[in-house]
Amino acid sequence: MSKSNLKPRVSIIMGSTSDFGVMRKAAEFLDELEVPFEINALSAHRTPELVAEFARTAEERGVQVIIAAAGGAAHLPGVIAAQTVLPVIGVPIRSSNSVVGLDSILSILQMPSGIPVATVAIDGSTNAAILACEMIALADPAIRAKVHAYKNQLAEKIEKANRDLASEEFKFRCN
Ligand code: RP5
């Protein structure tokens, strides 16, 4: 299928292209699970009108989940969540202007009652993408199967790591 036939189901919005180094991982995960997405930079502070237009039209464009990333005074996820009923997942970025990401995470996490933002860990963009897929999977068995496969593969990794660990010998090891 050509790119133009695909309609984004997930929209990744970043406060700046300087967030892309972190957000690339979210894009890669969605690619891996073959979930159509769009990715753009829009700033709550530098392009407030465009953010409002984006938030108000995302639902009618068929977007199902929004992943919004920002660092420092990270208002983008909350400002978007205030203007849509789509679920918004916030990714706090440990940006050059942030206080080791703590201001970013608290700005995104501490939302007032009524306007939720599902906040992942600082720079936790892969988890944001997984969570977005899990939300879509609620009504899409094909995506659900892919999320199951991903999680099974995680378990297999740990099982293999434990098999490797079993070959490490210690005098007092009991297992
Ligand atoms: C935030 O300020 C952005 O999300 C980014 O994390 C940070 C720095 O942006 P730039 O000055 O690099 O554009 O709004």
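This is a predicted model: local features need pLDDT of at least 70, side-chain atom pairs count only at pLDDT 80 or more; totals for chains, interfaces and linings use all residues.
Biologist: Where does the ligand sit, and which residues are around the ligand?

Modeller: Let's start with the place: the ligand sits in the largest pocket. Around the ligand we find Gly15, Ser16, Ser18, Asp19, Arg46, Ala70, Gly71, Ser95 and Asn97.

Biologist: What lies 2.7 Å from an oxygen atom of the ligand?

Modeller: A polar contact needs N or O atoms within 3.5 Å. Arg46 has a side-chain N or O atom 2.8 Å from a ligand oxygen, and Gly71 has a backbone N or O atom 3.1 Å from a ligand oxygen. The distance you ask about, 2.7 Å, belongs to a polar side-chain atom of Ser16.

Biologist: How much of the ligand's accessible area does the protein cover?

Modeller: On its own, the ligand has 370 Å² of accessible area. Of this, the protein covers 78%.

Biologist: Now to the sheet: which strands stand at the edges?

Modeller: The sheet is open and has 5 parallel-paired strands in the order β2-β1-β3-β4-β5. An edge strand has a single partner, so one of its sides is left without a neighbour in the sheet. The strands in that position are β2 (37-41) and β5 (118-119).

Biologist: Which residue in β4 stands opposite Ala69?

Modeller: Strands β3 (residues 65-71) and β4 (residues 88-93) run parallel and are joined by 6 bridges. Opposite Ala69, the residue in β4 is Val91.

Conventions. Residues are numbered from 1 along each chain as its sequence is written. Side-chain values use heavy atoms; hydrogens and water are left out. A residue is near a molecule or strand if one of its heavy atoms lies within 4 Å of it. A polar contact is a pair of N or O atoms within 3.5 Å; within protein, one must be able to donate a hydrogen and the other to accept it, and residues adjacent in sequence count only if both atoms are side-chain atoms. Accessible areas come from the Shrake-Rupley method with a 1.4 Å probe; for residues, only the protein chains shown count as cover. On a 1 Å grid over the protein atoms alone, a cavity is a set of points where a 1.4 Å probe fits but cannot get out, and a pocket is an open set with protein on both sides within 12 Å along at least five of seven lines; lining residues have an atom within 4 Å of a point. A molecule sits in a cavity or pocket if more than half of its atoms lie within 2 Å of its grid points. Two strands pair if DSSP finds at least two bridges between them. Helices (H or I, at least four residues) and strands (E, at least two) are DSSP runs, numbered from the N terminus.
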